[in-house]
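Welcome! Open the structure in your viewer, keep the selection tool handy, and follow along stop by stop.

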Amino acid sequence: LRRSFTPAFEIAPSEQADPVAEMRFRATERFVLSEVTARQPYALLRARREIACARADVVAIRLVAAGRATGLAGAAAFAAEAGDLVFLDLTQTLEWRAAPREDPAADITLWLARSVLSRALGEEGDLHGWVVRSGAPAAALIGACLRSLAASASRCAAADLDALALGVVDLTARALAPARISGEPGPLDTFVSLRRHIDRNLTSPKLDADSLAKTFGLSRATLYRLFEPVGGVASFIRKRRIERAHAILTDPALADRRVAPTAYGVGFKSLVTFARAFEEAYGVTPAAARRAARSGAPVPAPATALEGSLASCLMRLRP
């Protein structure tokens, strides 16, 4: 487990050895489907260190297939039994503890970029740690689809798996629409709105903590607290700008786009600062990434990715 989940998660320090578990996953560019079966208890942690090290705007639909799961989603405790669904958000802290009962602990998880789920669900709100009980018809239906998807994933081509996984997401949105959480906006709702505002305004060189605080009527202390789990406001904005620039420079349809206009177009004021940040993130210069895309060579992945691990696949999921 440690090899598969690091650096996105850490095995709880109280566990003296890497828990013995069977781990399988199938990944495409848009989805990761994983299965874990364990005969002994194990715990996964996603603390601020892991969020900063392996930043991923990823959510998960997790079926507790057997055993029991307990833990903390942010500051809220949750408990899930076999047949329950749990929604997770990797921009938030998480403590997941799985324990076998009569049967080994098992889960089936569909991981996807947040934007894919938000397109289906609309304003996703505070889903982190939301448990849908097995007695609900929606949980039974979605759980059956996840089991079926897991059973057939190894036989599917990537395009077919994407189509089936997207169907599960659409079904999830429709099945859960009547049960969506309602009430006053919470911290995650505010963070979601802030993140969307950032994405819509990346091209503005005036986008910074002060402008966000003024636009949303937040104190700087509140703003910093909301962005602390993802490395801070300035770091988050820079990351999103680098990702936008990477998408432009590696898009064959935009092969004539040059580096400097791209850098300034996503809000960087200095070409030197942009080049340094880009190389830190992807391990190559912007010009090298552009040349690779134009020649048809593999596009460099983020330098922090671990080849072949579940964590690396989560960090490369695209919308």
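Start by selecting residues 42-46 and 94-99: these are strands β4 and β9, which run antiparallel and are joined by 5 bridges. Strands here are DSSP runs of E with at least two residues, and helices are runs of H or I with at least four, both numbered from the N terminus. Within this pairing, look for L45, whose bridge partner in β9 is E95.

A word on what you are viewing: this is a predicted model, in which local features need pLDDT of at least 70 and side-chain atom pairs count only at pLDDT 80 or more, while totals for chains, interfaces and linings use all residues. Residues are numbered from 1 along each chain as its sequence is written, and side-chain values use heavy atoms, with hydrogens and water left out.

Now widen the view to the open sheet, where 5 strands follow the order β1-β4-β9-β6-β7 with antiparallel pairing; strands pair if DSSP finds at least two bridges between them. β1 (10-11) and β7 (76-81) stand at the edges with a single partner strand each, so one side of each has no neighbour in the sheet.

Next, select R46 and F9: the charged end of R46 sits over the ring of F9, 6.0 Å from its centre. Such a charge is NZ of Lys or CZ of Arg within 6 Å of the ring centre and within 35 degrees of the ring normal.

Move on to R62, in strand β5 (residues 58-66). Is R62 buried or exposed? R62 counts as buried, because its relative accessibility is 2%; buried means under 20% relative accessible area, exposed over 50%, and partly exposed in between (1.4 Å probe, protein chains only). Show W96 as well: R62 lies over its face, at 4.5 Å from the ring centre.

For the last stop, select F268, F274, F278 and Y282, a cluster linked by ring pairs. Rings of Phe, Tyr and Trp (its six-membered ring) pair if their centres lie within 6.5 Å; planes under 30 degrees apart count as stacked, over 60 as edge-to-face and the rest as tilted. F268 and F274 have ring centres 5.3 Å apart and planes at 65°, so this pair is edge-to-face. F274 counts as buried, at 0% relative accessibility.
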